[in-house]
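Reader: I would like to learn how to read annotated positions and a ligand shell in a model. Please take me through them.

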Amino acid sequence: KRLFLINGPNLNMLGKREPDTYGNKSLEDVVTLVEQVAADQGYEVTSFQSNHEGDLVDWIQRAEEGAEGIIINPAAYTHTSIALRDAISAISKPVVEIHISNVHERESFRHTSMLAPVCSGQVVGFGIDGYRLATLGMIQKIESEGR
Ligand code: DQA
């Protein structure tokens, strides 16, 4: 059983990028965390990060055959991307959206998610630990209802 962990633009700079907002853990730390939490529940993880919208679309589509579900931090594309939303709508696998920061206490353009209406759940504002919560929530979804 496999999960996809997909991280969007600028998350390759995690740890160095705006540490007051996003903390000082790296993307590698995030991947290790998700792998450990998933392994405890009997799941493997394929991790992918890209700064390019179309590459993220490709990976969402790939989950239909390749994964039981997706944990995704779409980063800035959260607020703009109809293409990512349509990709999520196009697959039958559950998707959980995660944001490290509490987007609702930030600029108003971060208050809207194009993706949330087609996701199974959302984790917001728990820092890096949100990835742990998203992984556990994702597995709970898969094992209980499927989507
Ligand atoms: C983010 C929030 C987004 O608004 C922002 O563009 C990011 C990171 C988060 O994890 O808090 O790049 O998705």
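Predicted model: local features only at pLDDT ≥ 70, side-chain atom pairs only at ≥ 80, totals over all residues.

Reader: Which residues does the UniProt annotation "binding site" cover?

Author: UniProt positions are given in the numbering used here, feature names are shortened, and annotations may be inferred rather than shown by experiment. The unreviewed entry lists N73, H79, D86, I100, S101 and R110. They are spread over 38 residues of sequence and also in space, up to 24.5 Å between C-alpha atoms.

Reader: Why does H79 count as partly exposed?

Author: A residue is buried with 20 or more other C-beta atoms within 10 Å of its own, exposed with 12 or fewer, and partly exposed in between; C-beta atoms are placed from the backbone. H79 has 16 such neighbours, so it falls in the partly exposed class. S101, with 18, is partly exposed as well.

Reader: What does S101 touch, not counting residues up to four places away in sequence?

Author: Contact means C-beta atoms, placed from the backbone, within 7 Å. With that exclusion, S101 touches T21, Y22, R106 and G125.

Reader: Which residues surround the ligand?

Author: A residue is near a molecule if its C-beta atom, placed from the backbone, lies within 6 Å of it. The ligand has around it N10, N73, A75, A76, T78, H99, I100, S101, V103 and R110.

Definitions and conventions. Residues numbered from 1 in each chain as written. Contact = placed C-beta atoms within 7 Å.
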